[in-house]
Amino acid sequence: MRLLLAPVNSTTITISRFLVLCLCLSSLSTLSACNSVSPSAIPDFQRIPTSIDNQQIVSRLNWPQGSGMSMLAILEMHNERLVLAGLTTTGLSLFNVELKPGKLSAESKFQLPDGITLRQLLKELVLVYGTLEDIRKLLLLPWHIEEVGFEEGIVRKIKFGGQLKVKIRYDNKQEKDSRVERFGPQGSSQGSYLVEHLQSSSI
């Protein structure tokens, strides 16, 4: 039995090689683009840090630059839910947002200074109050956290690869108070606010 094979000429081979080369270049271009993308926000947490689970934490948030806004923030963590309520300093409701793994429920379109979203604010407060060990378990590579102590306090740096995204500076004089600063793709500051701890209680 003889197999009949179609003749293959040099033109066919050249076209085939060209198509393979185009496919390889396309794949490399896509991979390079994916690797160059750096998210602007911290990814959602898949669970609540055990160090602050079943806690209600009340803070005063201050934006000293620009708007000069000040508000109260009540953060509750229990039953795999993160809930953040914002109030004026006189107690009037501003917003209420709840975050579960893979789901966000916001009851307000309240605009925060510096373009920060309610979702981002909630996660940043978790980074402020969670222990270093807990936060390390929450962040998946290439996200990671570094913590450095110095005379005036402690600094936490949350990075995506080698790029700084959030810096939290704790003041030794008021050990639970901190300053949160966010950074853009080029390392430029995108705004900051002060977190003044008022009260913590079990729920």
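I began with terms: two strands pair if DSSP finds at least two bridges between them. Helices (H or I, at least four residues) and strands (E, at least two) are DSSP runs, numbered from the N terminus. I kept in mind that this is a predicted model, where local features need pLDDT of at least 70, side-chain atom pairs count only at pLDDT 80 or more, and totals for chains, interfaces and linings use all residues. Residues are numbered from 1 along each chain as its sequence is written, and side-chain values use heavy atoms, with hydrogens and water left out.

Entry on strand S9. I looked up its neighbours. Strand S8 (residues 163-171) runs antiparallel to S9, joined by five bridges, and I found Val166 opposite Arg182 in S9. Strand S10 (residues 189-202) also pairs with S9 in the antiparallel sense, over five bridges; here Phe183 stands opposite Ser189.

I then checked the turn. S9 and S10 form a hairpin with five residues between them, and Gly187 in that turn has a positive phi of about 85°.

Is S9 buried or exposed? Buried means under 20% relative accessible area, exposed over 50%, partly exposed in between (1.4 Å probe, protein chains only). Five of the six residues of S9 (residues 178-183) are buried, so the strand is largely enclosed by the rest of the structure.

Entry on Lys123. I found this lysine in helix H2 (residues 118-129). Lys123 counts as buried because its relative accessibility is 3%. Leaving aside residues up to four places away in sequence, Lys123 touches Ile42, Pro43, Asp44, Phe45 and Leu99 (contact means heavy atoms within 4.5 Å).
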